Amino acid sequence: MTEREIAELRRRFKREKTSISRIRGCFVNENKEIVSEVDQSLGLMSETECDQVLSLLKKSLSGGIGVNLLDINFSTTQVSGGEEHPLLMKLRDSQLNDQEAVTALYKKIIEGLNLEGSYMILLAADTYDVFSFTKDGKKSEDATELFRYIVCAVCPIQTTKAALSYQVKESCFRNLIPDAVISAPQVGFMFPAFDNRATNLYGALYYTKSKDNNHDEFARALFKAEHLPMPAKEQTDTFRGLLAESAGDGCSLHVVQSVHAQLCQVVEDHKEHKDEPLVVDKYALRDMLEFCGVSQEGVETFEKQFDQSFGLDAEVNPKNMMDTRRFEVRTPDVVIKVNPEKRDLVETRVINGVRYILIRADEGAEVNGIDIRMDD
């Protein structure tokens, strides 16, 4: 799925736009036991409660593609003879009215998810009339697609501490007792996928809040997905290692600056092509390294190591290779943060046998908020 398609669905999670009529779910305690179940109409909630529930579900479609949102693809064998895909189809086709299927989903989530503490499983079904648009941007009169889907969010429960409060209307102090609060989802999914603004029954969209942990055990339990991409942070660390190893002694500040600039340009160019996935493959990365001055031997080393680390024919999000919104130079005692667009202000130099990091400061400098004078 593309950023534009996900954004289109996210806009539906508002009272005035959604066709979600009810919320199903269950409360799971720290012993992985279902304490209670909920099946509540949105119409019986206050506007504030309704907005908050929809906001939790919306968060399971948030974050970056390839970072927090991962495409899941079902094989033909899974569709025809597996148990994961038929279960999701029952949930979707029944609009969550099949109690046996709902219970089976709860069981899969509870058995497969390694999450400490209590949590809430939230489920909702939505139907979206997908309209096409004319060249002048106007919506067509008739819907071109009826997209029926389910969305799931698994939200940890946080217990608030006892606290002293002041009740204005009563003009007195009251002690607030500890209570359970539903926090933002840790994992979730949407089924089926919304590819090319149409239903793709062979796909799903998987959500993970953490960049460090994909909760692949959860994905295996629900989708039998054996080959999730490595977590975003692990991809970053892996690429750093590959770049350092490939460049070897030639891994200079200039090389890193150049690679960072190339990745930033890919991200910037993609803003005009949001209907396409934001990915690069090893060949694009290889060309970047060659352009940035890495030796031919180093480039060949990178290609081999990339296949071993990310897999054959892997495509990765350039934002996972380096943080394109930040440029940082670090020594054991000093951290220098630079505007990525001004990364060329930093250079390294050896003066009288001593290594220095130099920062051009034509516009002056401050130390602890105090303007300082530059000595000649």
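Predicted model: local features only at pLDDT ≥ 70, side-chain atom pairs only at ≥ 80, totals over all residues.

**Note on the helices and a hairpin**

1. Just after helix H10 (residues 296-310), Gly-311 takes a positive phi of about 105°. Helices here are DSSP runs of H or I with at least four residues, strands are DSSP runs of E with at least two, and both are numbered from the N terminus. Gly-293, which follows H9, likewise has a positive phi, near 100°, and Gly-248, which follows H7, has a positive phi near 60°.

2. Residues are numbered from 1 along each chain as its sequence is written, and side-chain values use heavy atoms, with hydrogens and water left out.

3. As to the whole protein, the secondary structure comes to 11 helices and 20 strands. The C-alpha trace spans about 75 × 65 × 50 Å along its principal axes. Of the 376 residues, 41% are buried; buried means under 20% relative accessible area, exposed over 50%, and partly exposed in between, with a 1.4 Å probe and protein chains only. The accessible surface comes to about 21900 Å², of which 47% belongs to carbon and sulfur atoms; areas come from the Shrake-Rupley method with a 1.4 Å probe, and for residues only the protein chains shown count as cover. Among contacts (heavy atoms within 4.5 Å) with a separation of 6 or more, 63% are between residues 24 or more positions apart.

4. Helix H7 has 16 residues and reaches 23 Å from its first C-alpha to its last, close to the 22 Å expected at 1.5 Å a residue. The expected span is 1.5 Å times one less than the number of residues. Its buried residues are Ala-232, Gln-235, Thr-236, Thr-238, Phe-239, Leu-242, Leu-243, Ser-246 and Ala-247. Seen down the axis of H7, these buried residues fall within an arc of 165°, so they line one face of the helix; the arc is that of the directions from the helix axis to the C-beta atoms. They pack against H8, H9, H10, S14 and H11.

5. At 6% relative accessibility, Ser-246 counts as buried. Its side chain reaches the backbone oxygen of Leu-242 at 2.7 Å, a polar contact being a pair of N or O atoms within 3.5 Å; within protein, one must be able to donate a hydrogen and the other to accept it, and residues adjacent in sequence count only if both atoms are side-chain atoms. Not counting residues up to four places away in sequence, Ser-246 touches Val-294, Gly-298, Thr-301 and Phe-302.

6. In helix H9 (residues 282-291), the buried residues are Lys-282, Leu-285, Met-288 and Leu-289. They cover an arc of only 120° around the axis, which puts them on the same side of H9. Their cover includes H7, H8, H10 and H11, together with strands S13 and S14. At the start of H9, a side-chain oxygen of Asp-281 reaches to within 3.1 Å of the backbone nitrogen of Tyr-283.

7. Which residues does Leu-285 contact beyond its neighbours within four places in sequence? They are Phe-239, Leu-263, Val-280, Phe-302, Phe-306, Val-316 and Met-321. Leu-285 is buried, with a relative accessible area of 2%.

8. Helix H10 has 15 residues and reaches 21 Å from its first C-alpha to its last, close to the 21 Å expected at 1.5 Å a residue. Gly-298, Val-299, Phe-302, Glu-303, Phe-306, Asp-307 and Phe-310 are buried in H10, and the buried residues of this helix pack against H7, H9, S14 and H11.

9. His-260 lies in helix H8 and, at 3% relative accessibility, counts as buried. Not counting residues up to four places away in sequence, His-260 touches Met-322, Asp-323, Thr-324, Arg-326, Phe-327, Pro-340 and Arg-343.

10. Strands S6 (residues 163-167) and S7 (residues 172-176) run antiparallel and are joined by five bridges; two strands pair if DSSP finds at least two bridges between them. Tyr-166 has Phe-173 in S7 as its bridge partner. The two strands form a hairpin with four residues between them, and Ser-171 in the turn has a positive phi of about 55°.
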